[in-house]
Amino acid sequence: MLFLRSFMILVLSCIAIKINLCFPNILSSLKTLPIDGHFNFEQLHHAAKDFGNRYSFLPLAVLHPNSVSDIATTVKHIWQMGPGSDLTVAARGHGHSLQGQAQAHGGIVINMKSLQGLKMQFHIGNLPYVDVSGGELWINILREGLKHGLAPKSWTDYLHLTVGGTLSNAGISGQAFRHGPQISNVHQLEVVTGKGEVVTCSGKQNSDLFHGVLGGLGQFGIITRARISLEPAPEMVKWIRVLYTDFATFTRDQEELISGESTFDYVEGFVIINRTGLLNNWRSSFNPQDPVQASKFKSDGRTLFCLELAKYFNRDKTAVVNREIHSSLSQLNHIPSTLFVSEVPYIEFLDRVHISEIKLRSKGLWEVPHPWLNLLVPRSKIQTFAQQVFGNILTDTSNGPILIYPVNKSKWDNRTSVVTPDEDVFYLVAFLSSAVPSSTGTDGLDHVLIQNKRILEFCEIARLGVKQYLPHYSTQGEWKAHFGSRWEVFVRRKSSYDPLAILAPGQRIFQKAVPYS
C-alpha cells in the first residue's frame with residue numbers, strides 16, 4: 001500500500017510538472033500564430049458564461065478572428081499538436097447555450113461574432129438567397145433583407161442568435177410546419193473541420209459533411225458561412241390568440257391547421273396553468289373581438305391552452321386577408337370570447353421576444369438560471385404526455401412559458417444529424433423556465449430541475465419515444481440511446497471530420513484522445 005501510494009504521488013507529480021512545462025509553450029505557440037485577429041488571455045469570464053447560467057468553465061484563451069483563415073489556422077495548429085494535447089475548441093456565438101455547450105474548459109473559445117464584419121451578399125432573382133457569416137445574428141439578416149424586400153423563410157422565436165448556432169441545432173419556430181426548421185432552408189455552408197480544413201459543402205458537394213454539420217451540435221465543423229434561402233417579405237402581420245379548455249380539441253385544431261394549405265403562416269401554442277387575469281394582460285398588445293365577454297372570462301385555477309397564429313400580408317390585401325382569417329377561424333373550436341387580434345409590422349412580430357428581453361433586463365431578471373427543457377413528442381403520445389405532465393407534475397406556469405405546437409416531419413431532412421421522433425407529425429414542447437438563484441421555493445432552481453427530471457423519467461417509463469431538442473446528457477451511453485440507430489453514422493462522421501475530438505467539447509459527447517465507438 002505504501003509503495004502504491006508513493007507511486008501515485010510520483011505519477012501525479014509528473015503530470016503536474018508536464019502541464020506546468022507545457023503551459024508556457026502552448027501560450028507562446030498561440031501568440032506566434034499568423035492571424036489577422038487576436039487572442040485574449042486575460043478577460044475570459046465572459047466566455048465562461050451562457051444564457052443557461054448554470055455552468056462556468058474558464059478557457060485558456062479567447063480568439064477574436066478577423067477572418068475564416070484565423071479560425072482555420074488556430075484549429076489546424078491544435079490538430080497538428082496531436083492527441084497528446086488537451087486543447088479543445090468551442091465556437092461561441094451569442095452565448096445562448098443552456099448547459100455550457102459553447103464553453104471549452106482550458107481550451108480555446110472562438111468569438112464568432114467577430115466575423116460579423118464580413119459583408120452579407122444578397123442574390124435577387126427567382127430563387128433569392130443571402131450569403132452570411134456564421135457569426136451573423138438573424139435579426140441583422142432580417143433588417144438587411146427588408147431593404148431588398150426579402151427575408152428568410154424559417155425562424156427561431158428569438159432572433160438575437162447567430163446563424164452558426166441555430167444551424168448547429170435545427171432552428172424551430174411557428175413557421176416550421178410549412179418550411180421546416182432553419183436547417184431545411186440552407187443551400188450551402190462553409191465549414192472549418194476539426195483538422196483545420198476550410199471546406200465548402202452543399203447537398204451536391206461534400207454532402208456528407210453538409211448534412212452532418214446541420215444539426216450536428218458543432219461536432220464536425222465550425223460553420224463560418226451559410227447560404228440561406230429567402231422569400232418576399234410581407235409588410236404586416238395579423239397576430240391572433242385564442243383559448244381552449246380541452247387539450248384534445250386544442251391539438252386537433254393545431255394539427256388541422258398544419259395539414260394541407262393553411263391560411264396561416266405561423267402556428268404555435270402554449271400552456272397556461274393557474275394564471276390570474278390572463279386576458280387583461282393580453283390587452284396591452286391585443287384587442288379583444290368581444291370586450292364585454294372577454295372581461296368576464298376567468299383564468300384563475302384553470303389549465304388553458306392558447307393557440308397562437310399569424311398571417312402575413314401587405315397592406316393592399318388587408319380586406320382579402322381579413323375574409324380569409326374570418327373563414328379559417330370559424331372552423332376552429334376555441335372559446336369564442338377569448339379571440340384576441342393584433343396587427344403589427346413584420347419585423348415587430350418576428351422580434352417580439354427581444355421586447356420581453358428588454359423589460360426583463362431592466363428588472364434584473366434576464367441573467368438568471370434558465371433550466372430549459374425542450375422535447376419532441378410523437379403525435380400518438382401527446383395526449384398521454386399532457387395528461388400526466390399538465391395534469392399532475394406541473395401545478396402552475398409561473399416560472400416561464402410552456403410552448404407546444406406540431407410540425408410535419410416531411411419538412412425535415414433525415415440526412416442531417418438532428419434526431420426526431422419516428423412519426424409523420426410530432427410536437428415541440430418547450431419548458432422555458434427561469435429560476436430565482438437564491439430561492440428554495442417553487443421558483444428556485446432545484447425545484448425546476450426536479451420537475452424536469454420527473455418529466456423525463458415519466459417519458460422514459462411510459463416509453464413515449466420522446467427525443468430531446470437542444471439535447472444534454474452526462475454519459476456517452478445516454479448519447480447512444482438518443483441517436484439510436486443513427487449513432488454509428490454520427491461516430492463515423494466524427495472520426496472523419498474531427499478525429500481528435502477537438503471541437504465542441506461542451507456537448508460532452510466525445511472526450512479528446514479517448515477512443516469512441
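I began with a salt-bridge network that links Lys49, Glu357, Arg361 and Glu367. A salt bridge here is a side-chain nitrogen of Lys or Arg within 4 Å of a carboxyl oxygen of Asp or Glu. The model is predicted: local features need pLDDT of at least 70, side-chain atom pairs count only at pLDDT 80 or more, and totals for chains, interfaces and linings use all residues. Residues are numbered from 1 along each chain as its sequence is written, and side-chain values use heavy atoms, with hydrogens and water left out.

**Salt bridges**

I found 16 salt bridges in the structure.

Asp131 and Arg227 meet through their side chains at 2.7 Å, N to O. Asp131 sits in strand 6 (residues 129–133) and Arg227 in strand 10 (residues 221–232), 96 residues apart. Helices (H or I, at least four residues) and strands (E, at least two) are DSSP runs, numbered from the N terminus. I checked burial next: buried means under 20% relative accessible area, exposed over 50%, partly exposed in between (1.4 Å probe, protein chains only). Asp131 is buried, at 7%.

Arg379 and Glu255 form a salt bridge at 2.9 Å, N to O. Arg379 lies in the loop between strand 16 and helix 13 (382–393) and Glu255 in helix 7 (residues 247–258), so the bridge ties together parts 124 residues apart in sequence. Arg379 is partly exposed at 43% relative accessibility. Glu255 is buried at 16%.

Glu324 and Lys311 form a salt bridge at 3.6 Å, N to O. I placed Glu324 in helix 10 (residues 318–329) and Lys311 in strand 14 (residues 303–313), 13 residues apart. Glu324 is partly exposed, with a relative accessible area of 34%. Lys311 is buried at 13%.

I traced an open, mixed sheet of four strands, in the order 1-2-4-3. Two strands pair if DSSP finds at least two bridges between them. Strand 1 (38–40) and strand 3 (89–92) are the edges; each has a single partner strand, so one side of each is left without a neighbour in the sheet. Strand 3 pairs with strand 4 (residues 108–111) in the parallel sense, over four bridges. I noted Ile108 in strand 4 as the bridge partner of Val89.

I moved on to strand 8 (residues 186–193) and strand 9 (residues 198–202). They run antiparallel and are joined by five bridges. Together strand 8 and strand 9 form a hairpin with four residues between them. In its turn, Gly196 has a positive phi of about 85°. Val192 stands opposite Val198 in strand 9.

**Second largest pocket**

What lines the second largest pocket? I counted 30 lining residues, with Leu373, Leu456, Gln468, His472 and Tyr473 nearest the centre. Helix 14 gives the largest share of this lining, seven residues. I listed the elements that give two or more residues: strand 16 (373–378), helix 14 (445–461), strand 19 (467–469) and helix 15 (476–483).

Key:
1 Å grid on protein atoms, 1.4 Å probe; cavity = no way out; pocket = protein on both sides within 12 Å on 5 of 7 lines; lining within 4 Å.
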